[in-house]
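Visitor: I would like to learn how to read a structure like this one. Please take me through it feature by feature.
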Amino acid sequence: MEITHGEDGTPVLSPEEFTLANGGYYRFNVVCPEKLTSETGLHFEATKLLENAHIRVLSVGGVDIEFYTQGLSFRAIECDDAGSARFSFHPMRTGVYEIYVRDQAVPPKEAFGRVVVE
């Protein structure tokens, strides 16, 4: 998933929707654009998806750092500069789960996507 800014500065998700199989093994790569500051940084959340998935590995792009988990969760990924983060997981319940991305402006500009687990 790539997160960029639209003409008006609103975050844009590409793609906006994912269809996954319940119990499958997936990796989400969250890629943040290059031109970010503490005001334009991006915040990614997929709270309900993460609550209904078995998290396996978290990693930070650009540096060789990985976090191996045993089903534990995390709340958000935030980018204040160019880079990427990824997480590998097994969705454990069917449903439609919202992806929420916002910048750090006041009020924030927001984007929404979704994950459909069948």
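Guide: Start with a cut-off for accessibility: a residue counts as buried under 20% relative accessible area, as exposed over 50%, and as partly exposed in between. Take Glu51: at 48% relative accessibility, Glu51 counts as partly exposed. Keep in mind that this is a predicted model.

Visitor: Which residue forms a salt bridge with Glu51?
Guide: The general idea is that side chains of opposite charge can pair when their charged atoms come close. Here the partner of Glu51 is Lys48, with the closest N and O atoms 3.4 Å apart. Both belong to helix H1 (residues 47-51), and being three residues apart there, they are separated by about one helical turn.

Visitor: How many salt bridges does a search of the whole structure find?
Guide: The search finds three salt bridges. One of them joins the side chains of Arg114 and Glu17, at 2.7 Å from N to O. This pair links distant parts of the chain, since Arg114 is in strand E11 and Glu17 is in strand E3, 97 residues apart. Arg114 is partly exposed at 37% relative accessibility, and Glu17 is partly exposed at 41%.

Visitor: Where do Glu45 and Arg75 lie?
Guide: Glu45 is in strand E5 and Arg75 is in the loop between E7 and E8, 30 residues apart. Their side chains meet in a salt bridge of 3.5 Å, N to O. Glu45 is buried, with a relative accessible area of 16%, whereas Arg75 counts as exposed at 57%.

Visitor: Now the sheet. What is the order of the strands in the open sheet of five?
Guide: The order is E3-E11-E10-E5-E8, and the pairing is mixed. Strand E3 (17-20) and strand E8 (77-79) are at the edges with a single partner strand each, so one side of each has no neighbour in the sheet. From one strand to the next, the twist averages 15°.

Visitor: How many bridges join E10 to strand E11?
Guide: Eight bridges join them, and the two strands run antiparallel. A hairpin through six residues connects E10 to E11. Two positions can be checked by eye: Val101 has Ala111 as its bridge partner, and Ile99 stands opposite Gly113. E10 (residues 95-103) is also joined to E5 (residues 42-45), by four bridges and again antiparallel. In that pairing, His43 stands opposite Arg102. When you follow any one strand, remember that in a regular strand the side chains alternate between the two faces of the sheet.

Visitor: How many aromatic pairs are found in the whole structure?
Guide: There are eight aromatic pairs. In one of them, the ring centres of Phe44 and Phe87 are 6.2 Å apart and the planes are at 50°, so the pair is tilted. Phe44 lies in strand E5 and Phe87 in strand E9 (residues 83-91), so this pair ties together parts 43 residues apart in sequence. Phe44 is buried at 2% relative accessible area, and Phe87 is buried at 1%. Phe87 also forms an edge-to-face pair with Phe74, 5.2 Å centre to centre and 75° between the planes. Phe18, Tyr26, Phe28, Phe44, Phe74, Phe87 and Phe89 form one aromatic cluster.

Visitor: Is Phe67 buried, partly exposed or exposed?
Guide: Phe67 counts as partly exposed, at 44% relative accessibility. Phe67 is found in strand E7 (residues 65-68). With Val60 and Ile65, Phe67 makes a nonpolar surface patch of about 250 Å².

Terms used: Residues numbered from 1 in each chain as written. Predicted model: local features only at pLDDT ≥ 70, side-chain atom pairs only at ≥ 80, totals over all residues. Heavy atoms only, no water. Pairing = 2+ DSSP bridges. Axes fitted to C-alpha atoms, helices over the stretch in contact; angles between N-to-C directions. Patch = residues over 30% accessible without salt bridge, like charges linked within 9 Å, V, L, I, M, F, W, Y side chains within 5 Å. Areas by Shrake-Rupley, 256 points an atom, 1.4 Å probe, with all protein chains shown as cover. Salt bridge = Lys/Arg side-chain N within 4 Å of Asp/Glu carboxyl O. Buried < 20%, exposed > 50% of the residue type's maximum accessible area, 1.4 Å probe, protein only. Phe/Tyr/Trp six-rings, centres within 6.5 Å; stacked < 30°, edge-to-face > 60°.
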